[in-house]
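Hi,

Here is the structure for you to look over. My notes on what I found follow below.

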Amino acid sequence: MLITEGIVPVMSELRKRQDPGKVADTDPQNVLPRSTSVLSSVLSGFDHPRLVILIFLAAFAAWFLSPEDTSSLSHSYAVCSSSGARIYTVDHVVPNAQCLVVDGSLILDIGSLDDIMARWVARGRLRSSLQIRYLDKSSIVVPGLSDSHAHILEYGASKQLLLESAKTIKDTVALVRQHILDNHDILNDPSKIIEGWGWDHTSWPVEEWPTSDDLDMDPIIRGRPVILQSKDGHALWLSKETFALNSPWPSEIEGGVIMKDSSGNPSGVILDKAQDLLQKSDPTEQDLLRRFDATVKDVLSHGLTSVHDAGFKPVSLEFFTRQAAAGNLPFRIYGMRYFNENDPYWGNLSEPIINAGDGRLNARSVKIFADGALRSGGAALHEPYHDNPHTKGFMRVDPKVLADVVPKFLRDGWQVNIHAIGDYANGVVLDTFEAALKDVDITALRPRLEHAQILTQSDLERVGKLGVISSIQPTHAISDMWFAEERLGPERVKGLYAFRSLLDHGSRLAIGSDFPVEDMNPLAGFHAAITRLSPEGQSPNGPSGWFPEQRLTRMEALRGMTIDAAYASFTEDSLGSLVPGKRADYVVLSQDIMTVPVDQILSTKVQATVIDGRVAFGQV
């Protein structure tokens, strides 16, 4: 994507003829010869007029044929397509446009090249003063993409020791062993805690829970404190040394599970609230910065301009507050403060953070866990699990606590976002919202169901009636589809990941990934939402997709990552669509995800991520 300003129309026209998808900067300062030193000795024998002409022609040829420097954007500029209206605004008034005009950090205009230029001149500005950047022929522009449910610092931490590639317990242990051998500071210090992320017992040939003995059988690992987080974040696999360092362990814990061996001792895995029993020192500032930096690189390269962090614990909240004050947030963060029912109620003592760091940080919501996860068997169901009739899962919080604190948080101005997976948990949460939302302005409160995974038919209808936002993760659907029916049975599974039903019953969908649980790439979520297929084009129901009647349209999926995600974070007046007056957050994609065959969507590249009108990744 190159640049033009219309000052030298002949050169501009030559460039257009060379490649109509790429035109050049015609500012006079960029027309000057880039270098004449190489020519001086060669041309010394020519008379003066011929020398001047030859130097000019050589310099012009060098300028014309060389790669363009696109690093500098003017304060005001336009991004235009040379092949039709390829800017998707996600605005019903002007859904597609040829050009987008940026003035500083804001969108100034949208429309055809002729129209935006006419309005530019009508504002008393010179036609030649508007810098124009042309898209590649196949490229499109969409609003800045949002991930409505993710874990920023946890993603960075997970990069230290990734376990998702391991397909057996033995493979996982081998990865831990190699990590120790590859890091001499760990190898030489047996007391150093080893942390990893991503093991998934549901993907192993034999679905079984790992044990501490599995780790301690390896002589390199034996005697070391090891803490391995499961893929869904709801289970920890611990070494014997970790159990010893955190003893004594209670026989039971409400809202969690400590798995036991035949002798009644911890066997190696703890679930949900039992994880809170683990004593870990807070990460250092250096640890936090390293984790954040690892996340930033991937966020921007995937076209994300906003991320909703689903669980700010105090250390995270304080870290991001410091970064916002220092101007060190490269993308927008919408934080949900973590709720711990064992702590005193704080909703009336703490002020929400709104638009700190020039709009880069907001923390005006609270995240409450109602139950566990389906993958680890902790989702709270009305009826027992189909593959484990001895359990219905469990609630992580007493419904009475929800009934007490939810109205308080809403009254004190906090958005309430509740993690709910199982149909029983979702029902309890909706009961709580229904009681708390009577005679109130729902648009001022905007409560959210985080995940909204399994719902009864009556609750699918109730979500929309109550005005509750469904925060969904389409990539969870294609991960869970391989074991979901076995876990839930053939009838109950029909209410799992019922995105179309939620939307049709009036619930607004905010789409996210839950990274690092799933792939951060928003196009993976987009593909999953509209196909219900794995990236390889597979599903338990064949190539038509897993329960294809629950697919979203492409525009519905795009809205869930843009304007509806903005609504879910109270930012729809400034973000989420490309209309004049809003922040100039946009993404340039290498091809048209709204029209290409679905099997080509995941080959799309992010060419540029732009926040507040400035390039944060790639180039425009």
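Start with threonine 604. Leaving out residues up to four places away in sequence, threonine 604 touches Leu523, Leu589, Ser590, Gln591 and Ile593. Keep in mind that this is a predicted model. Threonine 604 sits in the loop between β23 (586–589) and β24 (606–611). Its relative accessibility is 8%, under the 20% cut-off, so threonine 604 counts as buried.

The side chain of threonine 604 has two polar partners to look at. A polar contact of 2.9 Å links the side chain of threonine 604 to that of glutamine 591. Glutamine 591 is also among the residues that threonine 604 touches. The side chain of threonine 604 also reaches a backbone atom, the oxygen of isoleucine 601, at 2.7 Å.

Next, the strands around β5. Strand β5 covers residues 99–103 and is mostly covered, with four of its five residues buried. β5 pairs with strand β2 (residues 76–80) in the antiparallel sense, over five bridges. Cysteine 80 has cysteine 99 in β5 as its bridge partner.

β5 also pairs with strand β6 (residues 106–111), in the antiparallel sense and over five bridges. Here valine 101 has aspartate 109 in β6 as its bridge partner. The hairpin of β5 and β6 has two residues between the strands, and in this hairpin glycine 104 takes a positive phi near 70 degrees. As background for viewing, side chains in a regular strand alternate between the two faces of the sheet.

Now two helix pairs. The axes of helix α13 (residues 399–411) and helix α14 (residues 423–436) come within 9 Å and cross at roughly 40 degrees. α13 and α14 are therefore oblique to each other. The crossing of α13 past α14 is right-handed. On the α13 side, the contact is made by Pro399, Leu402, Ala403, Val406, Pro407 and Leu410. On the α14 side, Tyr424, Val428, Val429, Thr432, Phe433 and Ala436 make the contact.

How do α10 and α11 pack? Helix α10 (residues 285–301) and helix α11 (residues 314–325) have axes 11 Å apart, at an angle of about 75 degrees. That angle makes α10 roughly perpendicular to α11. Glu285, Leu288, Leu289 and Phe292 of α10 meet Val315, Phe319, Phe320, Arg322 and Gln323 of α11.

Best wishes

Key. Residues are numbered from 1 along each chain as its sequence is written. This is a predicted model: local features need pLDDT of at least 70, side-chain atom pairs count only at pLDDT 80 or more; totals for chains, interfaces and linings use all residues. Side-chain values use heavy atoms; hydrogens and water are left out. Buried means under 20% relative accessible area, exposed over 50%, partly exposed in between (1.4 Å probe, protein chains only). A polar contact is a pair of N or O atoms within 3.5 Å; within protein, one must be able to donate a hydrogen and the other to accept it, and residues adjacent in sequence count only if both atoms are side-chain atoms. Contact means heavy atoms within 4.5 Å. Two strands pair if DSSP finds at least two bridges between them. Axes are lines fitted to C-alpha atoms, for helices over the stretch in contact, and angles run from 0 to 180 degrees between N-to-C directions. Angles under 35 degrees count as roughly parallel, over 145 as roughly antiparallel, 65 to 115 as roughly perpendicular and the rest as oblique. A crossing is left-handed if the near helix is turned anticlockwise from the far one by less than a right angle, and right-handed if clockwise.
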